[in-house]
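Please look at the sequence and the 3D structure shown below, and keep both at hand while reading this report.

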Amino acid sequence: MSKIGVFVCHCGENISATVDCAKVAETAGNYDGVAFSVDYKYMCSDPGQNLIKSAIKEKGLTGVVVASCSPRMHEPTFRKACAEAGLNPFMCEMANLREHCSWVHEKGEATTEKAIDLVRILVEKVKYNHSLNEIKVPVTKTALVIGGGIAGIQASLDIANTGHKVILIEKDPSIGGHMSQLSETFPTLDCSQCILTPRMVEVAQHPNITLYTYAELESLEGFIGNFKAKIRRKSKSIDEKLCTGCGQCTTKCPVKKIPSEFNEGLGKRTAIYVPFPQAVPNKPVIDRINCTYYIKGKCKVCEIVCPTKAIRFDQEDQIMEVEVGAIVIATGFTVKQPDFFPEYGYGKYPDVITGLQFERLASASGPTLGEIRRPSDDKVPEKIVFLACAGSRDPAKGIPYCSKICCMYIAKHAMLYQHKVHGGKSYVFYMDIRAGGKQYEEFVRRAIEDDGVNYVRGRVSRIYEKNGKLIVNGVDTLLNAMPVEIEADMVVLATAGIANEGAEELAQKLHISYDPYKFFAEAHPKLKPVETNTAGIFLAGACQAPRDIPESVAMASGAAVKVAGLFSQDELTREPIIAVVNRQAPPVYSSCVGCFLCVSACPYQAIEKEEIKNRNGELIKLIAKVNPGLCQGCGTCVAFCRTKSIDIQGYTHEQMYTEVMALLNEY
Amino acid sequence: MAEFEPKIVAFVCNWCTYAGADLTGTSRIKYASNVRIIRFPCTGRIDYMLLLKAFDEGADGIIVSGCHPNDCHYTSGNFHARRRWIMFRSLCDFTGINTERIKFSWVSAAEGAKWAAIVNATVTSIRELGPYTEYKKVAKYPEKEVTHG
């Protein structure tokens, strides 16, 4: 016979204002199997918890129902209290009288009646609860960081510095990400490369970091502490051990006119190339799409000139399997291609460029060595127009959000232009100036007041070419929507930051969720910004939303701490809310008939086939078996099972049917 | 005669709709008190025999609600629930169970107001339909009378 204790909480007046708590406790006290029932002002307070603990000890309770707030709020609190009093924590259930009853209904009999029902169904459920033990799983103390931009670099270094191993993979030939492309950084105007490249080198030299560039995640299996990742190391067509990075091959390669990705198409590169001079690792890769040998079957100039014989034309992609305990995703973002805007003429007019292209023009290592020259004729533009919000904050274009970094980098661009082109005139068309951040507003004011950048509040409707000039048709909304026409030499579009191509597939490989714009979703927008809904997988940087450098770095360090915290334990404990297949005495063994529908239903590949053998080792039957490490406890298999042989602990058939019956029988 | 108060059972998932209903509470949005929520880990766990059991026990209406497509905490449980619902619905139509009495919906953890609206709409529509006494005929219970208290 069960001995159940019912503890009805007033939650101050949050529950008792609309629910007659004394009546709830009194009614529950009359139910079969209820040995103790009481109401109290604050059940979660210390005296409240002591009330539960002493009742468990004195009355020898076998189950506890706490009728108070949502279990999402205080279930851990009350389960812990039960455990402290010697009752298995999973013998404690909560009835949600606050969020689901007192807060949403008016005071009255019907509300009290509902509260009584909610308590009753859990009293009946808890009779069928079983003592469960937490599952312990080991932790592999190696982290996988995906993406070698500033966020990935910071996360890798921080984790590595706590003494744990890190595997960093980057899809491009070099780490560095978007930050390596930038000229100067706001709000201090220090050179991006100067602050980034030492970190890149540190990553390459760190004894705890294994770096794989030109590598991508192929697939992921497993769960927190025990992931198995397959990594595709794309063929670089060189032997990295032999290559010294001397650069003979890149100077001699005859294919020299490939638009450089690093220079955003403004510069050229060869088919065997190092993306930029400070690349880490500073060893070339062969771009097989453009290499003459792969197109025509002959050339091999690089092989001939290579002094260490490091070229490998027949090298194939390698698939490597690694075991890791945690994953940090730092895959970053991309910018919207502005051919999205036919009215601005990007792609049609060579002098309409993107913000990232302007970064390359302004960069000392860029195609113009830092001089602002327009791509069409190399002339220094005398008048330049910057368009903020090219795509951002435009629901009609599908990007209603603010890309966040553009206001600041436009101010920086205009400032750099004014510093480099004396007497030049710059205009910025903006919707609002969003300069929230330390020293950000001051930076924008400096651009306007000290450097004389003309800020025009309004949008641009059209850009067209006339007599070699780009005519920018806009409007000044601070001057009563007066039309503005500027004859510019160059136009820079601050295109929206968007999720990477392939973000969706990566999210599916990792079993994490993403928002409508394909940015990866955090577990909680405020309190869990670096966690994902999948335990053991964390987010850093602009893969979660547009982020600037300080934020990306802060997020990366946050994710690194989460990983280090995880690695500080040798074993993880998990809730035992998992599925189990029943086992019976021979000759039945289990009611499972081995149809394995559950295997196809399981989203986690947690169900395996188990052979049942007799004493002589002969196979008797094949049944399903749940891997407790992989099972996440969704219960999809339970609803699938034809013979009701698989059940989920904490939400068993018995419990759920009992709840339905208890609810309606005394309704 | 007092207005008929339907008995509504809600089968909801823990991660989206249960949390959404919590948000309705924290936002203090009022709704009809006819609904009783039963918590499941995921809509994928919901064995639709439970719905029949609920009707059998005297429920007048049922709400099944979980995470929006693609938002399932367990990746795909809600898709299984949806697929099963489509099959179950045609089975209901075939056997003569009134599918208007089952409301299938998605309510995310951020949609507190939507939860209240769904409950109110369901209560209104079930109130119009009246007590579900026909189920006993469909299920061929010969004698037992269903009483409402």
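Predicted model: local features only at pLDDT ≥ 70, side-chain atom pairs only at ≥ 80, totals over all residues.

Residues are numbered from 1 along each chain as its sequence is written, and chains are lettered from A and ligands numbered from 1 in the order in which they are written.

The model as a whole scores ipTM 0.91 and pTM 0.73. Helices (H or I, at least four residues) and strands (E, at least two) are DSSP runs, numbered from the N terminus.

| Domain of chain A | Residues |
|---|---|
| domain 1 | 4–126 |
| domain 2 | 142–329 + 512–567 |
| domain 3 | 334–498 |
| domain 4 | 579–648 |

The centres of domain 2 of chain A and domain 3 of chain A, taken over C-alpha atoms, are separated by 30 Å. Two residues are in contact if their C-beta atoms, placed from the backbone, lie within 7 Å, and the contact here takes 17 residues from domain 2 of chain A and 26 residues from domain 3 of chain A.

Chain A also holds an open sheet of three strands in the order S24-S25-S26 (chain A), with antiparallel pairing; two strands pair if DSSP finds at least two bridges between them. Strand S24 (460–466) and strand S26 (482–488) of chain A are the edge strands, each pairing on one side only. S24(A) is joined by six bridges to strand S25 (residues 469–476) of chain A, and Tyr464(A) stands opposite Ile471(A) in S25(A).

Which residues make up the contact between the chains? Chain A gives 39 residues and chain B gives 37 residues. On the side of chain A that touches chain B, the elements that give two or more residues are helix H4 (98–102), helix H5 (109–126), helix H17 (636–640) and helix H18 (653–665) of chain A, and H18(A) gives the most, with eight residues.

Methods
Domains from an automatic or database assignment.
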